[in-house]
Amino acid sequence: MIVSDIKGELYKLGIRPSKRYGQHFLVDQSIADWIVQKAEIQSHEKVLEIGSGLGILTERLVPLTRNLIIIEKDKRLAEYLDRKLGVEIINMDALKTDLPDFDKVVSNLPYQISSEITVRLLDKGFKKGVLMYQKEFAEHLVAEPGTKTYSRISVMVQYRADCTIVKHVSKGSYYPVPKVDSAIVEIIPRQAGFQVESDEAFRDMVRILFAHKNRKVRNGLVSERRRLGMDKQEARRFAETLPYAEQRPVKLSPKELAEITNAFCRLKNE
Ligand code: SAM
């Protein structure tokens with residue numbers, strides 16, 4: 001579809017693109033082709049698409065697999081695609097529904113759910129994802145320790161997946177044109193490659209440390225002592241025993257952050 005077709009379809013459906021739903025529809029057909037090719041789908045693979053919109057990716061996915069699962073929150077768009085392509089669409093909020101099992105995920109994601117949906121997808125486990133994100137968010141996913149964009153989401157994703165920005169997409173490839181450019185990220189889940197005592201403890205510790213990502217680990221932990229269930233003295237003593245106490249969380253790799261988490265878990269189990 002070209003922009004005038006998209007406008008026409010939306011008009012017929014009575015839809016004014018919603019910012020809240022991140023409704024920026026991809027217009028550039030060659031980018032849609034590229035995304036779907038990058039996923040290298042085999043016909044037996046279960047493929048998940050989140051936020052099908054007017055179906056620019058969906059119509060390319062339908063001929064490639066017998067097992068396509070589509071989740072779209074906007075009822076009008078879900079009904080439209082069902083009529084147009086004869087595919088069943090789960091008309092739900094992807095953050096509020098139990099995600100099905102799948103092999104690959106191919107989506108142009110609504111920006112506002114990027115972080116939460118990426119973590120939920122990784123919790124399910126899959127073989128490969130080709131996902132379009134807002135450029136800034138994509139940069140967080142691939143950021144290296146010690147860089148400005150290295151953040152909690154970088155750690156939580158990189159600890160269980162390899163992420164690569166495989167293509168930049170300009171905002172002009174959308175209707176309506178968003179404020180920012182986008183990027184396509186390939187995500188390949190894998191084992192962490194190091195031991196972490198508990199995923200939950202790791203999640204909590206990274207959240208606590210990255211609340212003060214540029215302060216020394218020791219100082220950040222002391223000021224967050226309540227969240228660790230400690231008083232000031234306990235937190236100070238604990239910080240003394242820690243690896244990397246004098247470093248700043250923003251400089252620590254997922255493996256090093258896991259070592260801090262494991263030290264905390266050991267202390268709690270003593
Ligand atoms: N895939 C289409 C494309 O490339 O043009 C649409 C992409 S648009 C960026 C995001 C789509 O996700 C919209 O159709 C929107 O209605 C839908 N959406 C927004 N929030 C959602 C959610 N929480 N769960 C499922 N779909 C959602």
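This is a predicted model: local features need pLDDT of at least 70, side-chain atom pairs count only at pLDDT 80 or more; totals for chains, interfaces and linings use all residues.

Visitor: How should I read a sheet, and in what order do the strands lie here?

Guide: In general, the strands of a sheet pair through backbone hydrogen bonds, either parallel or antiparallel. In this structure, seven strands form an open sheet with mixed pairing, and their order is β4-β3-β2-β5-β6-β9-β7. The strands at the edges are β4 (89-90) and β7 (161-169), each of which pairs on one side only.

Visitor: In which sense do β7 and β9 pair?

Guide: The pairing of β7 with β9 (residues 182-189) is antiparallel and extends over eight bridges. As an example, H168 has A183 in β9 as its bridge partner.

Visitor: Let us turn to the ligand. How many residues surround the ligand, and which are the closest?

Guide: The ligand is surrounded by 23 residues, and the closest are L26, G51, E72, A94 and N108. By class, this shell consists of eleven nonpolar, seven polar and five charged residues. The ligand takes up the space of the largest pocket.

Visitor: Which atom of the ligand is 3.4 Å from a polar backbone atom of S52?

Guide: That atom is a nitrogen of the ligand. An oxygen atom of the ligand lies 3.3 Å from a backbone N or O atom of G53. For E72, an N or O atom of the side chain is 2.6 Å from an oxygen atom of the ligand. Taken alone, the ligand exposes 590 Å², of which the protein buries 98%.

Visitor: Finally, what should I look for in the backbone?

Guide: Most residues other than glycine have a negative phi, and most peptide bonds are trans. Here, E40 is not a glycine, yet its phi is positive, at about 45°. E40 is placed in the loop between α2 (29-38) and β2 (46-50).

Visitor: Is the peptide bond from Y175 to P176 cis or trans?

Guide: That bond is cis, with omega near -15°. P176 belongs to the loop between β8 (174-175) and β9.

Note on methods
Residues are numbered from 1 along each chain as its sequence is written. Side-chain values use heavy atoms; hydrogens and water are left out. Two strands pair if DSSP finds at least two bridges between them. Helices (H or I, at least four residues) and strands (E, at least two) are DSSP runs, numbered from the N terminus. A residue is near a molecule or strand if one of its heavy atoms lies within 4 Å of it. A polar contact is a pair of N or O atoms within 3.5 Å; within protein, one must be able to donate a hydrogen and the other to accept it, and residues adjacent in sequence count only if both atoms are side-chain atoms. Accessible areas come from the Shrake-Rupley method with a 1.4 Å probe; for residues, only the protein chains shown count as cover. On a 1 Å grid over the protein atoms alone, a cavity is a set of points where a 1.4 Å probe fits but cannot get out, and a pocket is an open set with protein on both sides within 12 Å along at least five of seven lines; lining residues have an atom within 4 Å of a point. A molecule sits in a cavity or pocket if more than half of its atoms lie within 2 Å of its grid points. Ala, Val, Leu, Ile, Met, Phe, Trp, Tyr, Cys and Pro count as nonpolar, Asp, Glu, Lys and Arg as charged, and the others, Gly among them, as polar.
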